[in-house]
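Subject: Structure for your review

Dear colleague,

Please find below the structure that I am handing over to you, together with its sequence. My findings follow it.

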Amino acid sequence: MFNLFKIEWLKIKTYRTFWILFLAFLVFFPLAFYFSASKYMESLSGSGRMEEQLLKAMIESPFVFPKVWLSSSWMGGLFFILLGMLFILLITNEVQYRTHRQNIIDGWSRTDFLKAKFSILIFFVLVSTALIFVSGLVVGLVFSPSKAAVFKGVYYVGYFALMATLYLMLAYLVAILIKRTGLAIIIYFAIVCILDNVLWLIFTLKNSQVGYFMPLEAVDSLVPNPFKPKIMERRTVEDYTLIIAAVLYITVYFSVIVNYFRKTDLKT
Amino acid sequence: MAVLTVDNLSKNYRSVKALQNVSFAVPEKTVFGILGPNGSGKTTLLGIVMDVLKASGGTYAWLGEQGTATLRKRIGTLLETPNFYHYLSAKDNLKIAAKIKGRGEDDIDKVLEIVNLYQRRDSKFNTYSLGMKQRLAIAAALLGDPDILVFDEPTNGLDPAGIAEIRELIKELNRKGKTIIMASHILDEVEKVCTHVAIIQKGVLKMVGSVKEVMAHSSGDVANAVLIELGADNDEALIKILQQMKGIQDIALVDHYLQITCAENITAVQVNKFCFDNGIVLNRLNEKRKSLETRFLEITGKQSDR
């Protein structure tokens with residue numbers, strides 16, 4: 001697997017679009033996170049109006065331990081769409097340039113090709129998870145009044161890793177099936193931003209919990225919006241059921257990708 | 001042992017039958033031409049044996065083994081169009097190919113020199129002309145000095161000098177004992193380069209064998225007939241005279257000259273003398289060797305099958 005990743009690295013290390021999107025994520029997320037935290041803490045300490053103070057009091061402060069782990073994971077998820085897009089691009093580029101054919105011709109098996117792309121997926125998940133961890137830690141240390149129990153709630157970073165994996169697996173599936181860069185990215189965004197939320201809305205009406213098990217909602221619910229007051233939360237299903245659902249989705253996407261790609265004609 | 005055997009290979013694209021039960025074997029150390037008009041299934045056939053397309057039926061084997069990725073690492077292939085990463089230099093592209101093949105990078109410079117791209121090795125692929133892209137694809141196929149080479153339309157996009165170079169390169173590789181499988185729609189190319197040929201039309205294998213066999217394996221008179229092109233100032237008078245000559249089977253007016261088909265014992269000299277003795281001076285006289293082209297047209301029919 002590591003050898004396959006080294007070859008993938010040769011393909012992308014001088015690819016400008018890769019660096020633009022990758023660095024955008026690496027730079028903009030920590031900056032945005034830090035500045036949000038600093039603005040928020042500033043406004044909190046100021047003598048704001050009563051209602052404002054009241055609202056803030058209802059929410060546990062999102063930028064101090066332990067909640068900072070959730071906030072870092074949640075905000076990282078927003079920026080992570082950049083990497084989803086980049087991942088689609090890296091796969092559909094191969095189809096467009098027909099280099100996926102050339103890789104096979106040169107002696108990769110079809111599974112090698114899939115594994116090579118999977119190694120990039122793992123790379124993205126590892127790098128982004130590390131970044132979310134470091135950002136959460138730094139912001140937490142800077143803004144928390146007490147430095148006790150620093151790692152309480154750090155499991156949210158693990159939830160982020162699961163979320164990142166599922167989002168990238170969906171991107172992988174869309175890229176392999178759709179093949180065309182533009183269309184694949186549009187469909188990915190449609191699923192991420194519209195379809196999944198609409199499904200969630202439909203299924204959570206009448207107080208049903210089914211909506212939380214929609215393909216992406218399962219991981220989204222694990223990392224809920226930290227600015228939403230607790231009383232508005234209507235989810236009653238346990239975290240572990242959502243984790244199982246997410247792992248199931250990952251497995252299903254994985255098997256569809258493998259089955260499809262091993263049998264299909266490699267064309268543009 | 002045969003380098004490549006295909007057995008009853010078929011491929012359907014929905015209702016289109018791109019290949020129908022094609023079977024043949026490529027002997028070792030030959031230049032094996034796959035000849036056919038555009039859209040006859042040549043690239044489909046090569047795509048299947050390189051595992052980028054999946055056959056609808058039939059099997060294939062490289063060196064007696066059902067196609068595996070490990071075997072492909074030892075085959076140098078140019079399929080259809082040069083496929084490279086547009087934003088990478090020639091050298092970086094070849095590095096990727098070499099890595100996939102599990103070879104070192106030491107012969108990258110060598111193969112770039114063979115195809116005359118060494119000077120441009122650091123230029124990005126998307127700055128290359130069509131002919132240069134084709135050369136790079138040939139260079140990639142040569143990486144690691146493989147014993148089997150597969151070239152699909154290798155002279156595509158090359159200038160006349162380039163075409164001659166590549167043909168010479170293929171012959172040279174064959175002299176070194178390599179087996180080359182080459183698809184082409186250019187008859188002249190196959191005739192000049194190949195030792196064996198498979199003729200394929202509309203996905204059906206029409207004939208296969210050594211070039212000599214395919215040329216000889218012809219039916220009846222046509223096989224041994226001599227073709228002579230000739231012309232005179234007065235075509236009509238010439239036709240009249242020729243009709244009196246024995247051994248002439250057919251006279252046809254082609255463009256501005258006549259083409260006659262004669263029995264095998266007739267030579268151009270005899271025809272010339274006969275005409276001269278009968279008061280006609282020829283301004284054109286050309287005995288045509290029976291070429292693969294005529295054979296090809298006999299086998300596939302004269303209509304283009306598009």
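In chain B, 40% of the 306 residues are buried, where a residue is buried if 20 or more other C-beta atoms lie within 10 Å of its own, exposed if 12 or fewer and partly exposed in between, with C-beta atoms placed from the backbone. The model is predicted, so that local features need pLDDT of at least 70 and side-chain atom pairs count only at pLDDT 80 or more, while totals for chains, interfaces and linings use all residues. Residues are numbered from 1 along each chain as its sequence is written, chains are lettered from A, and ligands are numbered from 1, in the order in which they are written.

Chain B overall

The C-alpha trace of chain B spans about 75 × 45 × 35 Å along its principal axes. Chain B has twelve helices and 14 strands; helices (H or I, at least four residues) and strands (E, at least two) are DSSP runs numbered from the N terminus. Of the contacts in chain B with a separation of 6 or more, 70% are between residues 24 or more positions apart; two residues are in contact if their C-beta atoms, placed from the backbone, lie within 7 Å. Chain B is assigned domain 1 (4-216) and domain 2 (226-289), with bounds from an automatic or database domain assignment. The centres of these two domains, taken over C-alpha atoms, are separated by 43 Å.

The four-stranded sheet

An open, antiparallel sheet of chain B has four strands in the order E2-E1-E4-E5; two strands pair if DSSP finds at least two bridges between them. Its edge strands, E2 (16-26) and E5 (65-66) of chain B, each pair on one side only. E1(B) and E2(B) pair over seven bridges in the antiparallel sense, and Leu9(B) has Val22(B) in E2(B) as its bridge partner. These two strands form a hairpin with two residues between them, and Arg14(B) in the turn has a positive phi of about 50 degrees. E1(B) also pairs with E4(B), over five antiparallel bridges; here Asp7(B) is partnered by Thr59(B) in E4(B). Two bridges join E4(B) (residues 57-62) to E5(B), where Ala61(B) stands opposite Gln66(B). Helix H1 (residues 42-49) of chain B lies across E1 (4-13), E2 and E4 of chain B, at about 115 degrees to E1(B); axes are lines fitted to C-alpha atoms, for helices over the stretch in contact, and angles run from 0 to 180 degrees between N-to-C directions.

The six-stranded sheet

A mixed, open sheet of chain B contains six strands in the order E6-E7-E8-E3-E9-E10. E6 (75-78) and E10 (204-210) of chain B are its edge strands, and the twist averages 10 degrees from one strand to the next. E7 (residues 148-152) and E8 (residues 179-184) of chain B pair in the parallel sense over five bridges, with Met182(B) in E8(B) as the bridge partner of Phe151(B). Helix H6 (residues 160-175) of chain B packs on this sheet, touching E3 (31-35), E7 and E8 of chain B, and its direction makes about 150 degrees with that of E8(B). Helix H12 (residues 292-300) of chain B also packs on the sheet; H12(B) touches E3, E9 (196-201) and E10 of chain B and makes about 35 degrees with the direction of E9(B).

Two loop residues deserve a note. Glu153(B), in the loop between E7 and H6 of chain B, has a positive phi near 50 degrees and is partly exposed, with 19 other C-beta atoms within 10 Å. Lys202(B), in the loop between E9 and E10 of chain B, likewise has a positive phi near 50 degrees and counts as partly exposed, with 17 C-beta neighbours inside 10 Å.

The core and chain A

The largest nonpolar core has 144 residues, and Phe87(A) and Met182(B) have the most contacts inside it; such a core is a set of buried Ala, Val, Leu, Ile, Met, Phe, Trp, Tyr and Cys residues joined through C-beta atoms within 7 Å. Helix H7 (residues 155-178) of chain A gives the most to this core, with 17 residues.

Between the chains, 21 residues of chain A are in contact with 24 residues of chain B. H5(A) supplies the largest share of chain A's side, six residues.

With kind regards
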